[in-house]
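Biologist: I would like a close look at a single part, with the details that can be read around it. Please keep the terms simple and say where the cut-offs lie.

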Amino acid sequence: MAKLNNTMNTPGSAEGPGRLLKRRLRNGDVLVGGMVAEHLRPSLVKLYVQAGFDFMYIEYEHGFFEMTTFADSVLCARDNNLPVIAKTPQLERAEVAKLLECGVVGIQLPRTETRAEVEMLRSYLKFPPAGTRAVAPGYGNSSYVQPADWKTWMTEQDEETTLVVHIETRRAYENAEEIISTPGVDMVYVGPGDFSIEMGHPGEYDHPGVTDPMGEILEICKKHGVYFGTTASNASAAQEWAGRGAQFFETADELAFIHEAASNLVNEYRQFTQNG
């Protein structure tokens, strides 16, 4: 079974956060990511670092963010060696570029359904000759350090960037082999929310009609040397997925954490305030 540990969050590492993320996946570690849905601030990043998360995942498809604070928070994550994976709201060059230049290392494409889409995203992620990314050194992508050697920096940036396929539709499931086998795919995330709807079992993450096709996708990932991840219904289900070879989990967001902690506290107080 893959290893679960927390060795990433050590400030001052010579490795960039993207390369550190990939190295840990290669080492067989199971990585736990904290999601952000709405309240993105450097203070939340620091709390996630203190909690021991291995990466931060920003829900930028559905979430609303003020972009200056977004960029500040990503920079804070980089300063603490916490890799950031973010959805791009659409497959569009400028949207992807802004995420990369502020320091996001992993771009996750929601509703990935074809090889052509993956190839287009890869083009936006990589510099020539591998892709068509426009050069913009000295932003958050290099922690505001101007590289002395552009060629070396571009090579490092290509190593830093991570392409994350997001499978959540029946069409993507049917095209899984061609999607996952596309050169340049690093990670595959199966979103069980929409995937469970597409499979006819809305919200039932652990229904065989959902987990069986997810298992098929996992096996395709193993075949092509691509890392598989998902969001599990609970820690026990995550342990089962890890035992089968899953290596990363996008877990819960700050809204869920606030609600759970607040509810637990109120319930504890209600035990004596309502019976006293």
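Biologist: Does F127 count as buried or exposed, and at what relative accessibility?

Modeller: F127 counts as buried, because its relative accessibility is 1%. Buried means under 20% relative accessible area, exposed means over 50%, and partly exposed is in between, with a 1.4 Å probe and protein chains only. This is a predicted model, in which local features need pLDDT of at least 70 and side-chain atom pairs count only at pLDDT 80 or more, while totals for chains, interfaces and linings use all residues. Residues are numbered from 1 along each chain as its sequence is written, and side-chain values use heavy atoms, with hydrogens and water left out.

Now the ring of this residue. A pair of aromatic rings is described by the distance of the centres and the angle of the planes. Rings of Phe, Tyr and Trp (its six-membered ring) pair if their centres lie within 6.5 Å; planes under 30 degrees apart count as stacked, over 60 as edge-to-face and the rest as tilted. Searching the whole structure gives eleven aromatic pairs. In one of them, F127 and W153 have ring centres 5.7 Å apart and planes at 50 degrees, so this pair is tilted. The pair links distant parts of the chain, 26 residues apart: F127 is in the loop between α5 (115-125) and α6 (150-160), and W153 is in helix α6. Helices (H or I, at least four residues) and strands (E, at least two) are DSSP runs, numbered from the N terminus. W153 also counts as buried, because its relative accessibility is 6%.

F228 and W241 form another tilted aromatic pair, with 5.7 Å from centre to centre and 35 degrees between the planes. Here F228 is in strand β7 (residues 227-230) and W241 is in helix α11 (residues 235-244), so parts 13 residues apart in sequence are tied together. F228 counts as buried at 1% relative accessibility, and W241 counts as buried at 6%. Elsewhere, ring pairs join Y48, F53 and F257 into a cluster.

Next come the charged residues. Side chains of opposite charge can pair when their charged atoms come close. A salt bridge is a side-chain nitrogen of Lys or Arg within 4 Å of a carboxyl oxygen of Asp or Glu, and the structure holds ten of them. In one, R24 meets D29, with the closest N and O atoms 3.0 Å apart. D29 has a relative accessible area of 4% and is therefore buried, and R24 counts as buried at 1% relative accessibility. R24 also forms a salt bridge with D54, where the closest N and O atoms are 2.9 Å apart. Because R24 lies in helix α1 (residues 17-26) and D54 in the loop between α2 and β2, this bridge ties together parts that are 30 residues apart in sequence. D54 counts as buried at 2% relative accessibility.

R171 is in helix α7 (residues 170-174) and E113 in the loop between β4 (106-109) and α5, so the parts tied together are 58 residues apart in sequence. R171 is partly exposed at 45% relative accessible area, whereas E113 is buried at 16%. Back at R24, salt bridges that share partners join R24, D29 and D54 into one network.
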